[in-house]
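User: I am new to this structure. Please show it to me, and let me ask about the labels used for it.

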Amino acid sequence: MEQQRRRQAELKDEFLSHVSHELRSPLTAIYQFTTLVLDGLAGDLNLQQREYLGIALRNVQQLRTMIEDILIVTRAEVGKLQIEPRALGLSELIHQTLDALRVQAAERNVALETQISPDLPSVYADPTRTRQVLSNLIENGIKYAGEGARISVKAGISGEEPQFVRVAVIDNGPGLSREQAACVFDRLYQAGDPASAGRKGLGLGLFISKQLVQAHGGRIGLESEPGRGCSFFFTLPVLSLAQLLVLSDVSRRNIS
């Protein structure tokens, strides 16, 4: 029975990998030709044409994100979700992630700020996956905290687990009930009315974030009360001497 279940999971993974590959090819072509036209390489555009192409481009990017989300979920289910941890300075990554989301935040008049400990140590984490987790949490706040909200990203040594760095994304929005908070990391769950919040997606962002944080050996959680905003947090392991020695040894082997 267990062997049959494992084989079914493998077939599902193979099928979704094949489908995603077939979908990526036409989406890549649409993306490339749309950007070429927007850059004026096929002639001048009027304002209305540029607006329509911009809408098309945003939807293509949304579809590409959905495909990647489905692949991550599938890999997690079959135990194939991989990360590539290395020595990582979180302060720069946090600022880069916020800079990339400022336009999106400005559209909803949401202020972004940071509170990063000046003696924040390096962590042992995959930079791409860490950025993905942080982006998911910040984007979630932008969409649900409401017009004119404030989102703060805090980072420092965890008081409960000094061998971990704790990153928190805190907003002053409407908050969540206990029942909603218990479900936010479930697959496909979306709190409230997705349409009214301007939500577009599959409801996988927080589920994926949980899988990625746990793959690092950290934990993720939420503290919230109705009317008092939300505080999403996750932890990542502090870079240890043993890990640093392993990384140095791998680097020497690659050079030689």
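Analyst: What follows is a run of questions about labels, each answered from its definition.

User: What kind of model is this, and how are its residues numbered?

Analyst: This is a predicted model, in which local features need pLDDT of at least 70, side-chain atom pairs count only at pLDDT 80 or more, and totals for chains, interfaces and linings use all residues. Residues are numbered from 1 along each chain as its sequence is written, and side-chain values use heavy atoms, with hydrogens and water left out.

User: How many helices and strands are in the chain, and what makes a run count as one?

Analyst: The chain has seven helices and seven strands. Both are DSSP runs, numbered from the N terminus: a helix is H or I with at least four residues, a strand is E with at least two. Along the sequence the pattern reads α-α-β-α-β-β-α-β-β-α-α-β-β-α.

User: Where does α3 bend, and what is meant by a bend?

Analyst: The bend is at L101, and it is about 45°. A bend at a residue is the angle between two fitted axes, one for the seven residues ending there and one for the seven starting there.

User: Is E225 buried, exposed or partly exposed, and why?

Analyst: E225 has 43% relative accessibility, so E225 counts as partly exposed. It lies in the loop between β6 and β7. Beyond its neighbours within four places in sequence, E225 is in contact with P174, G175 and L176. The C-alpha atoms of E225 and S177 are separated by 6.0 Å, though these residues are 48 apart along the chain.

User: What about G203: why does it get its label?

Analyst: At 4% relative accessibility G203 counts as buried, because the limit is under 20%. G203 is in the loop between α5 and α6. With neighbours within four places set aside, its contacts are D186, R187, L188, Y189 and Q190.

User: What makes F185 and F232 an aromatic pair, and of which kind?

Analyst: Rings of Phe, Tyr and Trp (its six-membered ring) pair if their centres lie within 6.5 Å; planes under 30 degrees apart count as stacked, over 60 as edge-to-face and the rest as tilted. F185 and F232 are 6.0 Å centre to centre with 85° between the planes, so the pair is edge-to-face. The structure holds one aromatic pair. This pair links distant parts of the chain: F185 is in the loop between α5 and α6, F232 is in strand β7, and they are 47 residues apart. F185 counts as buried at 11% relative accessibility, and F232 does at 2%.

User: How do you know that the charge of R166 sits over a ring?

Analyst: The rule asks for NZ of Lys or CZ of Arg within 6 Å of the ring centre and within 35 degrees of the ring normal. The charged end of R166 is 4.2 Å from the centre of the F233 ring, and sits over that ring.

User: What is a nonpolar core, and which residues have the most contacts inside the largest one?

Analyst: A nonpolar core is a set of buried Ala, Val, Leu, Ile, Met, Phe, Trp, Tyr and Cys residues joined through side-chain atoms within 4.5 Å. The largest has 45 residues, and those with the most contacts inside it are L90, L134, I138 and F234. Not counting residues up to four places away in sequence, L134 touches L93, I94, T97, V153, V167, V169 and F234.

User: Why is the phi of N109 worth a remark?

Analyst: Most residues other than glycine have a negative phi. N109 is not a glycine, and its phi is positive, about 55°. N109 is in the loop between α3 and β2.

Note on methods: Buried < 20%, exposed > 50% of the residue type's maximum accessible area, 1.4 Å probe, protein only. Contact = heavy atoms within 4.5 Å.
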